Amino acid sequence: MADTTRITVTLPSDQVAELRKPTDNVSGHVAEAVARQPRRQFLGAELLRHQEEHGEFTEEEPAQARSRIFKAAELGG
């Protein structure tokens, strides 16, 4: 098991209720969200860099990317 530190976080009750809908493991859910955040920030920075170098995305390009990403996820890879 990974090294862990116990902390206390105060959240609005409605957010806690939403966190508990898919799982009782709120800590695991929060840990996954925290782990995703740096990846999202990196991806956002890379998308901005790409647009600065190559121009803004067309309306079709993000839609095509989403389609490819979700298709790959459905196929397991």
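Before the charges come up, one definition: Lys and Arg count as positive and Asp and Glu as negative, while His and the chain ends are not counted. With that settled, let me go through the structure. Please keep in mind that this is a predicted model.

I start with the charges themselves. The protein chain carries 10 positive side chains and 13 negative ones. The centres of these two sets are 7 Å apart.

Next, the overall layout. How many helices and strands does the protein chain have? There are three helices and zero strands. Going along the sequence, the order reads α-α-α. The radius of gyration is 18 Å, well over the 11 Å that the globule rule gives for 77 residues, so the protein chain is more spread out than a compact globule. If you draw a box along the principal axes, the C-alpha atoms fill roughly 45 × 30 × 30 Å.

Now the surface. Of the 77 residues in the protein chain, 1% count as buried. The accessible surface comes to about 7,400 Å². Carbon and sulfur atoms account for 53% of that surface.

Helix α1 covers residues 13–20, and I7 sits in the segment before it. I7 has a relative accessible area of 63%, so it is exposed. Together with V9 and L11, I7 makes up a nonpolar patch on the surface. The three residues have about 290 Å² of accessible area together.

T8 is also placed in the segment before α1. Is T8 buried or exposed? Its relative accessibility is 76%, and the cut-off for exposed is over 50%, so T8 counts as exposed. To give a sense of distance, take T8 and E56, which are 48 residues apart along the chain. Their C-alpha atoms are separated by 42 Å.

Between α1 and α2 there is a loop, and D24 lies in it. D24 is exposed, at 73% relative accessibility. D24 and P12 are 12 residues apart along the chain, and 17 Å separates their C-alpha atoms.

That leaves the salt bridges. How many are there? The count comes to three.

I take the pair E18 and K21 to begin with. These two residues form a salt bridge, and their closest N and O atoms are 2.8 Å apart. E18 counts as partly exposed, with 47% relative accessibility. K21 has a relative accessible area of 62%, so K21 is exposed.

The other two bridges involve R49. One of them joins R49 to E46, with 3.0 Å between the closest N and O atoms. Both R49 and E46 belong to helix α2, which spans residues 26–54. They are three residues apart, about one turn of the helix.

R49 also meets E53 in a salt bridge, at 2.9 Å from N to O. Why are E53 and R49 separated by about one helical turn? Because they are four residues apart in helix α2.

Which residues are linked in a network of salt bridges? They are E46, R49 and E53. E53 reaches 51% relative accessibility, and since exposed means over 50%, E53 counts as exposed.

To recap, the protein chain has three helices and zero strands. It is more spread out than a compact globule, with a radius of gyration of 18 Å. Of its residues, 1% count as buried. There is a nonpolar surface patch of I7, V9 and L11.

Key: Residues are numbered from 1 along each chain as its sequence is written. This is a predicted model: local features need pLDDT of at least 70, side-chain atom pairs count only at pLDDT 80 or more; totals for chains, interfaces and linings use all residues. Side-chain values use heavy atoms; hydrogens and water are left out. Helices (H or I, at least four residues) and strands (E, at least two) are DSSP runs, numbered from the N terminus. The radius of gyration is taken over C-alpha atoms; the globule rule is 2.2 Å times the number of residues to the power 0.38. Buried means under 20% relative accessible area, exposed over 50%, partly exposed in between (1.4 Å probe, protein chains only). Accessible areas come from the Shrake-Rupley method with a 1.4 Å probe; for residues, only the protein chains shown count as cover. The place of a charge is taken as NZ of Lys, CZ of Arg, CG of Asp or CD of Glu. Patches are made of residues with over 30% relative accessible area and no salt bridge: like charges are joined within 9 Å, nonpolar side chains (Val, Leu, Ile, Met, Phe, Trp, Tyr) within 5 Å. A salt bridge is a side-chain nitrogen of Lys or Arg within 4 Å of a carboxyl oxygen of Asp or Glu.
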